[in-house]
Amino acid sequence: MMKQITRLFLLGILLSSFIPSHPSLAQDRSRRANFGSGINFFSKEKGVVIGDNAWPTSDLLTQGLQKGDTIFLVNGNRITSDMDWDDTRYSFRAGQKVEFTARRGDKTIKQQITFTELPKENWQGLETEYAFIDVGGKKVRT
């Protein structure tokens, strides 16, 4: 039994060395943006709609966009799928300025948002620490 466990452990180490690097494993050190938007569906116009469940503290809402706005360009890049949107929003960082082009009714508006830091977790009786470890020369969030 011990021999089998050792083999599985060594196999796991060997296989993990072949896992390709992914951008999410090498994030920069700045905090994620306070996006908090509650965008929960993809619109017919090929954009994303700020939903009714958007956080009132979201940088989108506190800096000029509104619930119901359909965002279709981010920094001039068209949002054509929910995967585009996910890749885009996960890249937002605190301090970053981003230009959103959206439809509000029959008007097109441009709004520049400067993202603030996503609030840190706060749990009674627990202390949360944010850090990085070096993995193969890349900093990985912990």
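This is a predicted model: local features need pLDDT of at least 70, side-chain atom pairs count only at pLDDT 80 or more; totals for chains, interfaces and linings use all residues.
**Notebook: rings, charges and core**

I began with the aromatic rings, and the count comes to three aromatic pairs. My rule: rings of Phe, Tyr and Trp (its six-membered ring) pair if their centres lie within 6.5 Å, with planes under 30 degrees apart called stacked, over 60 edge-to-face and the rest tilted. Residues are numbered from 1 along each chain as its sequence is written, and side-chain values use heavy atoms, with hydrogens and water left out.

I looked at phenylalanine 92 and phenylalanine 100, which form an edge-to-face pair, 5.8 Å centre to centre with 75° between the planes. Phenylalanine 92 also pairs with phenylalanine 115; here the centres are 4.8 Å apart and the planes at 20°, so I log this pair as stacked.

Phenylalanine 92 is buried at 3%, phenylalanine 100 is buried at 0%, and phenylalanine 115 is buried at 2%.

**Entry: the core**

I then checked leucine 65 for contacts (heavy atoms within 4.5 Å). Leaving out residues up to four places away in sequence, leucine 65 touches Ile50, Leu60, Ile71, Phe100, Ala102, Arg104, Ile109 and Gln111.

**Entry: strands 4 and 5**

Strand 4 and strand 5 run antiparallel and are joined by eight bridges; two strands pair if DSSP finds at least two bridges between them. Lysine 97 has threonine 114 in strand 5 as its bridge partner. The two strands make a hairpin with two residues between them, and glycine 105 in the turn has a positive phi of about 65°.

**Entry: salt bridges**

How many salt bridges does a search of the whole structure find? I got two, counting a side-chain nitrogen of Lys or Arg within 4 Å of a carboxyl oxygen of Asp or Glu.

One is aspartate 69 with arginine 104, the closest N and O atoms being 2.8 Å apart. Aspartate 69 lies in the loop between helix 2 (59-62) and strand 2 (70-74) and arginine 104 in strand 4 (residues 97-104), so the pair ties together parts 35 residues apart in sequence. Aspartate 69 is buried at 1% relative accessible area, while arginine 104 is partly exposed at 26%.

The other joins arginine 89 and aspartate 86, at 3.2 Å from N to O. Both sit in helix 3 (residues 82-91), three residues apart, about one turn of the helix. Arginine 89 is partly exposed at 27%, and aspartate 86 is partly exposed at 30%.

**Entry: charges over rings**

I count a charge as over a ring if NZ of Lys or CZ of Arg is within 6 Å of the ring centre and within 35 degrees of the ring normal. Arginine 89 turns up again here, over the face of tyrosine 90 at 4.5 Å from the ring centre. The charged end of arginine 103 sits over the ring of phenylalanine 72, 4.1 Å from its centre.

**Entry: whole chain**

Last, the overview: I find three helices and seven strands in the protein chain, in the order α-β-α-β-β-α-β-β-β-β along the sequence. Of its 142 residues, 27% count as buried. Among contacts between residues at least 6 apart in sequence, 51% join residues at least 24 apart.

How values were computed: Helices (H or I, at least four residues) and strands (E, at least two) are DSSP runs, numbered from the N terminus. Buried means under 20% relative accessible area, exposed over 50%, partly exposed in between (1.4 Å probe, protein chains only).
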